[in-house]
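Could you look this one over with me before we talk? My notes are below the display.

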Amino acid sequence: MSDKGQLLNFIDGKWRRSSASEYLDIINPATAQAMSTVPLSPGGEVDMAVRAGMKAFQEWRRTPVEDRIQHLFALKVLLEDNIDDIARVITHECGKTYAESVGEMRRGIEDVEVACGAPILMQGRNNEDIARGIDEHMIRQPLGVVTAITPFNFPGMIPLWFMPYALATGNCFILKPSEKVSMSSQMLFELLEQANFPPGVVQLVNGGKETVDALLDHPGVKAVSFVGSTPVAKYVYSRATANGKRAQCQGGAKNPVVIMPDADMETTTRIMADSAFGCAGQRCLAASVAITVGEAKNEFTEMIADAASTRKVGFGLDEGVQMGPVITPESKARIEGLIEKGAQEGADILVDGRGQTVDGYKDGYWVFPTVLDGVNPEGEIANTEIFGPVLSLMHAETLDEAIELVNHRNYGNMACMFTSSGAAARQFRYSADAGNIGINIGVAAPMAFFPFSGWNDSFFGDLHAQAHHGIEFYTQTKVVIERWPREWSRQF
Ligand code: NAD
């Protein structure tokens, strides 16, 4: 829904043009062409949405859960029917390949499916006779108006980590998507409109920092879900909680992967190349540091360098393309600067993805796959989220040494290991300081029926996104203790 190329907000069941004084271009990173503009909505529009949500909440929370989830079943069918169109839009504005865009939508649809289990998932607990003739029940009730603030790299999937659970449990939901990729959210809301949610139950307010701050400060917003970089996650968490709101804030990452000498090197290399260079490395679960143990060093180094230099880079809708551009020229400059920094800190640039271009797309924001060998574990490059297609290599003599390197960082989103030894895998999964662990897996993204468990500087809060954590986050427990003495009732 756009008006002369300007994206609209969806407030109180209607598409509305923002009164914003500032608009940003939505740019295809493969061509550097603007496709539409997004408003940086002012606080007044957030207030309008929150008030509409508070009004809608009165009726929505009373709507039986079985009726609420019928809208989600409808949404699931609409998403399936329109997956191709949404995927194309994601590729246009976010840069990832068509297959990656379809993949993220599939994962998002799984969240809609899981949230349809709300009639069971949100059940409470009870005990009869906690004392003679007295019963105690714990029930779950929705919070009210809740919001999610989402990043650029998964514009189709990440809103669905939150929205279906919030709606199924009886809350009204406001999405503030990334201002870099807002066209995907418009398409999602066109489908939500067709899924016939009552006005005010699910709303879209486009914008940037001012819009976020208005959500964080509004007394009508009861809970905030956030996904983005660590500094902003910390900021959102502290401001939301200082204002008395619940918050779950997922931050950045720097994911280490240990490669044991007994791993199947061919499979390991294929999976590692997908993890490090898929989505141009713009994934919070991208492998960014590979730590080879003992004899794994030579074989893996050679094979991953070969995989990096042969990966086909280009516009994600073109045939055979395996990796797209990075999101902005600023991102490209930052990534290239970090590659240079790695070299200054003593790393060898085995494969250099700088200074490359793609035929027919000379203006695109290209950084090709890059491999840095012998990265200094104490250096900046080893501990900074690069968020680009750059894999750093380190080497250890023993598994213990490798695990020390894994745990030598502030982030804790993901840690993986490749091995054929159950004992090594067990030691790793037991000791690695991260919330999502992969064994012979390169992107350990939990399915929708498990929580997305980031740790340390990758997550602020306690209940994570998805599954029963999502249900608990969006409900408050009420405990009822009741006594019904027979002698107080009319006898029948
Ligand atoms: P970002 O932090 O720049 O933006 C995220 C959201 O915050 C956007 O909606 C943006 O409008 C808003 N925002 C940005 N600056 C703000 C400010 N100063 N005040 C208030 N709001 C602000 O992140 P991004 O560049 O869009 O996304 C990439 C980051 O997201 C990476 O660090 C990546 O690791 C992280 N990420 C994490 C996960 C996870 O599950 N942990 C998943 C995906 C992405």
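Here are my points, starting with how to read the model.

1. This is a predicted model, with local features needing pLDDT of at least 70 and side-chain atom pairs counting only at pLDDT 80 or more, while totals for chains, interfaces and linings use all residues. Residues are numbered from 1 along each chain as its sequence is written, and side-chain values use heavy atoms, leaving out hydrogens and water.

2. Let's begin with a sheet. Strands β7, β8 and β24 make an open, antiparallel sheet in the order β7-β8-β24. (Strands are DSSP runs of E with at least two residues, helices are runs of H or I with at least four, and both are numbered from the N terminus; two strands pair if DSSP finds at least two bridges between them.) At the edges sit β7 (125–131) and β24 (475–483), each pairing on one side only. From one strand to the next, the twist averages 25°, an angle taken between N-to-C directions of lines fitted to C-alpha atoms, on a scale from 0 to 180 degrees.

3. Strand β8 (residues 134–142) pairs with β24 over nine bridges, in the antiparallel sense. If you want a spot to check, find Arg140, whose bridge partner in β24 is Thr477.

4. Salt bridges come to 17, each a side-chain nitrogen of Lys or Arg within 4 Å of a carboxyl oxygen of Asp or Glu. In one of them, Asp47 meets Arg51 with the closest N and O atoms 2.9 Å apart. These two are four residues apart in helix α1 (residues 43–60), so about one helical turn separates them. Asp47 is partly exposed at 24%, whereas Arg51 is exposed at 55%.

5. Glu380 and Lys341 form a salt bridge at 3.7 Å between the closest N and O atoms. Because Glu380 lies in helix α13 (residues 380–383) and Lys341 in helix α12 (residues 329–344), the pair ties together parts 39 residues apart in sequence.

6. Finally, look at the salt-bridge network that links Lys76, Glu80, Arg106 and Glu113.

How values were computed: Buried < 20%, exposed > 50% of the residue type's maximum accessible area, 1.4 Å probe, protein only.
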